[in-house]
Amino acid sequence: MKTRADIYGQEAAELLREIAMYPGLSGQQLVRFHPGREDKVRNLLVHLKRQGRTALTETGGYFPQGEQAHGADTGLIRSVWVLLDFIDRVEFHSPSDFPVKLLFFSAGNMYEVVYVAAGQEVLVTQALRQCKQGESRRIVLVDDAGQIPLLDFPDISGFCTVGPDGKVSYYKKAEEECDWTEK
C-alpha cells in the first residue's frame, strides 16, 4: 500500500523546486506549471506552507522558507508568465543571468526570455550584440510596446508585454513593414 508521501512526494518535490528556482511566484502561476493537476497543486501548497517549507507573502508570492526577505525579482516573475504560455511543450526550463531572465527548450530549440525594463534598452542591446548569432531564439519582454523600436540585437523571435493579470500580449513584425504589431 502506498503512503501519502509516496503518492505526493514527487509532486511536492517538483513544486518545491519551482518555488526555489522562481521565488515569489503566485499560486496561480505555480498551478499552471501542472496542467490537469490544479486541485492537487493547491492542496500541496497549503500542506507545504503548513509544514513550514514555504512561506506566502502578503502580496501572494511563494518563497522557500526563510528566503522571502530578499524579495521577488519582478522581471523573473513576469518572464514566467511567458514560459507558462509554452509549458505544455517545454522539455526543460531554468532561470538565467542578466539580461536573459529564463531559458527553456521546446521541440529541440532553445528559447531565451529577455526582460528589458524601461530605460535599459541601450544596455541590453549592447550586451546582446556581443553574443554569437543563432544559438537561441529570443522572446523579448518589455514594460511597454513603445520600447520595441529601441531594441535591435540578434535572434529576436518576437516581443511581448505582460499585464498585471498575467496576460501576455505578443508582437510580431508586420509582413511588409518594419513595424511590430500585436499578434
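## Overview

A residue is called buried when its relative accessible area is under 20%, exposed when it is over 50%, and partly exposed in between, with a 1.4 Å probe and protein chains only. By this criterion, 45% of the 183 residues in the protein are buried. The structure is a predicted model, in which local features need pLDDT of at least 70 and side-chain atom pairs count only at pLDDT 80 or more, whereas totals for chains, interfaces and linings use all residues. Residues are numbered from 1 along each chain as its sequence is written, and side-chain values use heavy atoms, with hydrogens and water left out.

The protein contains 5 helices and 10 strands; these are DSSP runs numbered from the N terminus, with helices (H or I) of at least four residues and strands (E) of at least two. Its accessible surface comes to about 10,400 Å², and carbon and sulfur atoms contribute 49% of that area, as computed by the Shrake-Rupley method with a 1.4 Å probe. A contact means heavy atoms within 4.5 Å. Of the contacts with a separation of 6 or more, 47% are between residues 24 or more positions apart.

Two strands are said to pair if DSSP finds at least two bridges between them. S3 runs antiparallel to strand S1 (residues 25–26), with 2 bridges joining them, and Tyr-62 is the bridge partner of Leu-25. Strand S2 (residues 54–56) also pairs with S3 in the antiparallel sense, over 3 bridges; here Phe-63 is the partner of Ala-55. S2 and S3 form a hairpin with 4 residues between them, and Gly-60 in the turn has a positive phi of about 95°.

Strand S7 (residues 137–142) is mostly covered, with 5 of its 6 residues buried. S7 pairs with S6 in the parallel sense over 6 bridges, and 4 bridges join S7 to strand S8 (residues 156–162), which is also parallel to S7. Ile-139 in S7 stands opposite Val-113, and its bridge partner in S8 is Gly-158.

Helix H5 (residues 121–129) has Glu-121, Val-124, Thr-125 and Leu-128 buried. Seen down the axis, the buried residues of H5 fall within an arc of 100°, so they line one face of the helix; the arc is that of the directions from the helix axis to the C-beta atoms. The cover over these buried residues includes S6 and S7.

## Aromatic pairs

The structure holds 6 aromatic pairs. Rings of Phe, Tyr and Trp (its six-membered ring) pair if their centres lie within 6.5 Å, and planes under 30 degrees apart count as stacked, over 60 as edge-to-face and the rest as tilted. One of the pairs is formed by Phe-86 and Tyr-111, which are stacked at 6.5 Å centre to centre with 20° between the planes. Phe-86 lies in helix H4 (residues 74–86) and Tyr-111 in strand S6 (residues 109–116), so this pair ties together parts that are 25 residues apart in sequence.

Tyr-111 counts as buried because its relative accessibility is 16%. Tyr-111 also pairs with Phe-104: the ring centres are 5.1 Å apart and the planes lie at 15°, so this pair is stacked. Both Phe-104 and Tyr-111 are buried. Together with Phe-86 and Tyr-170, they form one aromatic cluster.
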